[in-house]
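Visitor: I would like to learn how to read the features of a model like this one. Please take them one at a time.

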Amino acid sequence: MDEEPEFVSEEVIQVIKSCIEATLSNTVYNKDKLNGWCNRVVEGCIKGVLKMDKPFKYVVTCIIMQKNGAGLTTTATCFWDQTSDGECVLVAFNFSCQDH
C-alpha cells in the first residue's frame with residue numbers, strides 16, 4: 001500500500017523565500033508596481049509547489065505593504081484534516097526592499 005504524501009512545510013518555505021527574493025530583492029518600494037509584484041510572488045509560489053508533484057491543493061496569498069506605521073488587519077479561516085493537511089506562513093520584514 002502506498003504511503004500518504006507528507007506536507008513538508010520546510011520545502012514550501014524554501015519555494016516562498018525564493019519567489020520573494022526573485023521578485024523583491026534590491027527593489028525600491030513603488031505602490032504602482034505592487035500588483036505586479038504580488039502576482040509574480042503568487043504565481044512563482046504556485047509553480048514552485050506544483051513542481052514538487054504532490055497531490056495537494058494550495059492557496060497562496062501575498063501582502064506587500066510599505067512600513068510606515070500603518071496598521072494591517074486580515075482574517076482567514078479554513079477547515080481541513082489536521083492529519084494530512086498543513087500550512088506555511090512566512091512573514092518577511094524589510095526584505096531588501098529599499099523605502100524611498
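Visitor: How many aromatic pairs are there?

Guide: Rings count as a pair if their centres lie within 6.5 Å. In this predicted model, that rule gives two aromatic pairs. In one of them, the ring centres of Phe7 and Phe56 are 5.8 Å apart and the planes meet at 85°, so this pair is edge-to-face.

Visitor: Is Phe56 buried or exposed?

Guide: The general idea is a cut-off: buried means under 20% relative accessible area. Phe56 has 18%, so Phe56 is buried.

Visitor: Now the helices. What span does H1 reach from its first C-alpha to its last?

Guide: The general idea is to compare the span with what is expected at 1.5 Å a residue. H1 has 16 residues and reaches 22 Å, close to the expected 22 Å.

Visitor: Which residues of H1 are buried?

Guide: They are Val12, Ile13, Val15, Ile16, Cys19, Ile20, Thr23 and Leu24. These residues lie on the same side of H1, because the arc they cover around the axis is only 160°. Glu10 and Ala22, on the other side of H1, are exposed. H2 is included in what covers the buried residues of H1. After H1 comes Asn26, with a positive phi near 60°.

Visitor: What is Thr23 in contact with, leaving aside its neighbours within four places in sequence?

Guide: Thr23 lies in helix H1, and its relative accessibility of 13% makes it count as buried. Apart from those neighbours, Thr23 contacts Trp37, Arg40 and Val41. The Thr23 side chain also reaches the backbone oxygen of Cys19, at 2.9 Å.

Visitor: And Ile20: how far is Ile20 from Gly36 in space?

Guide: The C-alpha atoms of Ile20 and Gly36 are 12 Å apart, with the two residues 16 apart in sequence. Ile20 is part of helix H1 and counts as buried at 11% relative accessibility.

Visitor: Where do the buried residues of H2 sit around the axis?

Guide: The buried residues of H2 are Leu34, Trp37, Cys38, Val41, Cys45, Gly48 and Val49. Their arc around the axis is only 105°, so they are on the same side of H2. On the face turned away from that buried side, H2 carries the exposed residues Asn35, Lys47, Leu50 and Lys51. H1 is included in what covers the buried residues of H2.

Visitor: How many residues does H2 have, and what follows H2?

Guide: H2 has 18 residues and spans 26 Å from first C-alpha to last, close to the 26 Å expected at 1.5 Å a residue. Asp53 follows H2, and its phi is positive, near 55°.

Visitor: Last, the largest nonpolar core. Which residues touch the most other members?

Guide: The core has 14 residues, and those touching the most other members are Ile16, Ile20, Leu24, Leu34, Trp37, Cys45 and Ile64. The elements giving two or more residues to this core are H1 (9-24) and H2 (34-51).

Technical notes. Residues numbered from 1 in each chain as written. Predicted model: local features only at pLDDT ≥ 70, side-chain atom pairs only at ≥ 80, totals over all residues. Heavy atoms only, no water. Core = buried A, V, L, I, M, F, W, Y, C linked by side-chain atoms within 4.5 Å. Buried < 20%, exposed > 50% of the residue type's maximum accessible area, 1.4 Å probe, protein only. Helix = DSSP H or I, 4+ residues; strand = E, 2+ residues; numbered from the N terminus. Expected span 1.5 Å × (residues − 1). Arc of directions from axis to C-beta. Contact = heavy atoms within 4.5 Å. Phe/Tyr/Trp six-rings, centres within 6.5 Å; stacked < 30°, edge-to-face > 60°. Polar contact = N/O pair within 3.5 Å; in protein donor to acceptor, adjacent residues only side chain to side chain.
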